[in-house]
Amino acid sequence: MKFNIKNIIGTSAFLISQGIAAQFYIGVQTGIGNIQSDVKGTTAGNRLGGALKTGYVYSLTNHIGIGTGVEFSQYKQEVYLTNSSETLTNYEVDPSSSAFAYNVTTTNYNEKQTLHSIQIPLFLQYKTNINKGVDFNFRAGAKYFLPVNYKIKASANYVNGTAYYPDVNLNISDLPEYGFGSYDNYTASGEYQTKGIIMSMFELGFTFDMGVNNALYAAMFLENGYGSILDLDNDESYIGYNPTSVVERKANGLYSTDKNAKIQPVAFGITLGWNFK
């Protein structure tokens, strides 16, 4: 299914202009936030994520409404190589413009990822009363997911980078002044280049009246991204090549090894909010 981002933003802008007739809400969202990838040889561990959200629902009928707003979310996870001593190969170019295969081997490589984003939701809500002061709510729609930054902190007990020049059948394994050789206790920070994508969203929950114009909202949510948030032009070594040193090597990250990889946010958990008029 294809979504038109301009339509989502345009509809959201229209609803803002009609906000006087809307049910406003503020809330928090917490649960498992996972950045799924199809990069081979990598494993990710789930950690808690969360979001702050605000918006409103414009009533079309007694049961149906359309909502929008803005959300600020955070995803955190750790990524590592499935084989802790695997060698990965990417192609680099040295200062003399000669291409070579750059082979990187690490021990206990670990990558802590933190993703911050802005999300603009657009959803339909179905609401019905099931008891005095209690309404059942179901929301379904889409979000425009815009990453603000996607930072990584990489570490490894040992890093070794070697070169193979296929044109002259030459292997270089220990020439640290030209960036080839080993180094212990590696640490570095980096950042992935990103782009916006569309996410689907679903919420299932209840509102509990807390007065004439106020209600507590509690729900379970599920969100899933489509497309990839990474914006890469070339495959890169997850630990970069430095032509002058084996010490100061850039952290490109494991997901940089495949420019066509699908990197998608997925989250599920609990939403708590406060509705007011």
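A salt bridge is a side-chain nitrogen of Lys or Arg within 4 Å of a carboxyl oxygen of Asp or Glu. Glutamate 223 and lysine 143 make one of these, with N and O 2.3 Å apart, and the count by this rule is 5.

You're looking at a predicted model, where local features need pLDDT of at least 70, side-chain atom pairs count only at pLDDT 80 or more, and totals for chains, interfaces and linings use all residues. Residues are numbered from 1 along each chain as its sequence is written, and side-chain values use heavy atoms, with hydrogens and water left out.

**Salt bridges**

- Lys53, Glu71, Arg139, Lys143, Glu203 and Glu223 are joined up in a salt-bridge network.
- Lysine 143 also pairs with glutamate 71, at 2.6 Å from N to O.
- Glutamate 203 and arginine 139 form another bridge, with their closest N and O atoms 3.6 Å apart.
- Glutamate 203 is in strand β10 (residues 197–209) and arginine 139 in strand β7, so their bridge ties together parts 64 residues apart in sequence.
- Glutamate 203 and arginine 139 are both buried too.

**A nonpolar surface patch**

- Leu60, Ile64, Leu124, Tyr126, Phe138, Phe202, Leu204, Met220, Leu222 and Phe268 make a nonpolar patch of about 930 Å².
- Patch residues have over 30% relative accessible area and no salt bridge; nonpolar side chains (Val, Leu, Ile, Met, Phe, Trp, Tyr) are joined within 5 Å, and like charges within 9 Å.
- Accessible areas come from the Shrake-Rupley method with a 1.4 Å probe, and for residues only the protein chains shown count as cover.
- Leucine 222, one of the patch residues, sits in strand β11 and counts as partly exposed because its relative accessibility is 44%.

**The second largest pocket**

- This pocket has a volume of about 200 Å³.
- A pocket is an open set of points on a 1 Å grid where a 1.4 Å probe fits, with protein on both sides within 12 Å along at least five of seven lines; lining residues have an atom within 4 Å of a point.
- Its lining includes Gly190, Tyr192, Asp233 and Lys250.

Note on methods:
Helices (H or I, at least four residues) and strands (E, at least two) are DSSP runs, numbered from the N terminus. Buried means under 20% relative accessible area, exposed over 50%, partly exposed in between (1.4 Å probe, protein chains only). Grid points are joined across faces, edges and corners, and a volume is the space filled by probe spheres set on the points.
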